[in-house]
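Please walk through this model with me, one region at a time. Keep the sequence and the structure side by side.

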Amino acid sequence: MNLTEEAAEVGYISRSAPKGPELIEAIKKLKAEKNAVILAHYYVDGEIQELADFVGDSLGLSQAAENTTADLIVFCGVHFMGETAKILNPSKKVVVPDFNAGCSLADSVPVEEFAALKAKNPNAVVVSYINCSAEIKAMTDIICTSSNAVQVVESIPKEKEIIFAPDANLGRYVAHKTGRELILWEGACMVHIDISLDKLKQLRVEFPDALLIAHPECKEMILREADYVGSTTALLNYVEKSDRQTFIVATEAGILHKMKMAVPNKHLIPAPANEQNSCACSECPYMKMNTLEKLYNALYYELPEIHLSEEIRIPAYKALKAMLEISK
């Protein structure tokens with residue numbers, strides 16, 4: 001099979017790549033030669049974050065994608081993030097290291113079922129969390145992220161009904177913060193809902209001076225226990241500004257890389273998962289599909305590439321642009 005067929009069938013290009021420090025230098029060289037930008041989410045491995053031109057959460061990454069002057073965008077995250085970059089940059093080539101890097105939350109919203117919910121509530125404004133497919137974005141009035149979900153909902157007239165999808169935990173948090181009644185889609189992130197409350201309580205006994213900080217995708221019972229709730233970037237900022245020294249961090253463990261860089265003298269403890277795993281933390285298996293070797297091959301071969309029809313991209317762009325205008 002040719003390279004394009006391999007990318008489509010396997011999900012990534014599997015070719016030999018340089019090793020060790022040579023691989024790092026080869027990626028930097030390719031990036032310069034191709035006028036490429038590497039965007040990376042906080043949840044990918046630290047070695048990729050170190051190479052990225054911009055590391056952030058979904059809002060920051062969307063803003064970076066919209067403003068880039070690069071010819072080639074390499075998005076290290078999950079599939080919907082690559083789609084978002086393409087929605088905002090139709091004339092640019094957008095590639096991802098591994099097309100298989102999906103999202104349990106995005107997968108929880110089948111298009112036909114979501115269309116049926118919209119049909120049942122024809123007068124409702126549709127607010128979709130950015131963690132959804134391009135097809136769902138195209139059925140949406142305004143996108144939100146965990147950074148601005150409260151702001152987005154508050155921007156909608158109070159007399160309007162609101163459908164909020166797909167993360168029900170974030171939706172319940174936003175409803176509580178805004179006092180609005182939301183029609184919720186019962187989706188969830190497999191990583192955040194697997195954080196163990198029992199293990200967290202044990203940690204709080206072990207570290208009585210620790211503050212528990214949590215992402216709003218966590219279950220409500222976790223959020224009730226938290227000392228602070230915020231988006232990934234908000235959690236990072238909170239740890240930086242707080243005069244406390246010990247934190248239990250209830251979100252995907254990849255954020256600890258940036259946190260340790262920002263506050264090397266503070267004690268950061270990843271929130272434990274119900275599932276027994278080697279890191280005793282909460283990890284997204286999809287984010288960890290991004291590797292340096294796959295990043296190198298994505299840059300070198302410019303595959304796998306994100307493609308979207310204009311029929312999907314244009315309405316999805318309008319929903320994204322509405323969010324970005326509010327978030328300036």
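Start with helix H15. Its buried residues pack against helix H2 (20-33), strand S1 (36-41), helix H3 (46-51), strand S3 (72-76) and S4. Bear in mind that this is a predicted model. Which residues of H15 are buried? They are Leu292, Lys294, Leu295, Tyr296, Asn297, Ala298 and Leu299. That makes 7 of the 10 residues of H15, so the helix is largely enclosed by the rest of the structure.

Now step back along the chain to Cys284. This residue sits in the loop between strand S12 (267-270) and helix H15 (292-301). Is Cys284 buried or exposed? Its relative accessible area is 11%. Buried means under 20%, so Cys284 counts as buried. Leaving aside residues up to four places away in sequence, Cys284 touches Val191 and Glu252.

An unreviewed UniProt entry places the feature "binding site" at Cys103, Cys189 and Cys284. These residues are spread over 182 residues of sequence, yet they cluster in space. The largest C-alpha distance among them is 9.3 Å. Where do they lie relative to the largest cavity? Its lining includes Cys103, Cys189 and Cys284.

Take Cys103 next. Find it in the loop between strand S4 (93-95) and helix H6 (104-107).

Finally, turn to a helix pair. Helix H13 covers residues 232-241, and helix H14 covers residues 255-262. Their axes come within 10 Å. They cross at roughly 25 degrees. Angles under 35 degrees count as roughly parallel, and H13 and H14 are therefore roughly parallel to each other. The crossing is right-handed.

Which residues make this contact? From H13 come Thr232, Leu235, Leu236, Val239 and Glu240. They meet Ile255, Lys258, Met259 and Ala262 of H14. Look at the spacing along each helix. An α-helix has 3.6 residues a turn, so residues three or four places apart point the same way.

Terms used
Residues are numbered from 1 along each chain as its sequence is written. This is a predicted model: local features need pLDDT of at least 70, side-chain atom pairs count only at pLDDT 80 or more; totals for chains, interfaces and linings use all residues. Side-chain values use heavy atoms; hydrogens and water are left out. UniProt positions are given in the numbering used here, feature names are shortened, and annotations may be inferred rather than shown by experiment. On a 1 Å grid over the protein atoms alone, a cavity is a set of points where a 1.4 Å probe fits but cannot get out, and a pocket is an open set with protein on both sides within 12 Å along at least five of seven lines; lining residues have an atom within 4 Å of a point. Helices (H or I, at least four residues) and strands (E, at least two) are DSSP runs, numbered from the N terminus. Buried means under 20% relative accessible area, exposed over 50%, partly exposed in between (1.4 Å probe, protein chains only). Contact means heavy atoms within 4.5 Å. Axes are lines fitted to C-alpha atoms, for helices over the stretch in contact, and angles run from 0 to 180 degrees between N-to-C directions. Angles under 35 degrees count as roughly parallel, over 145 as roughly antiparallel, 65 to 115 as roughly perpendicular and the rest as oblique. A crossing is left-handed if the near helix is turned anticlockwise from the far one by less than a right angle, and right-handed if clockwise.
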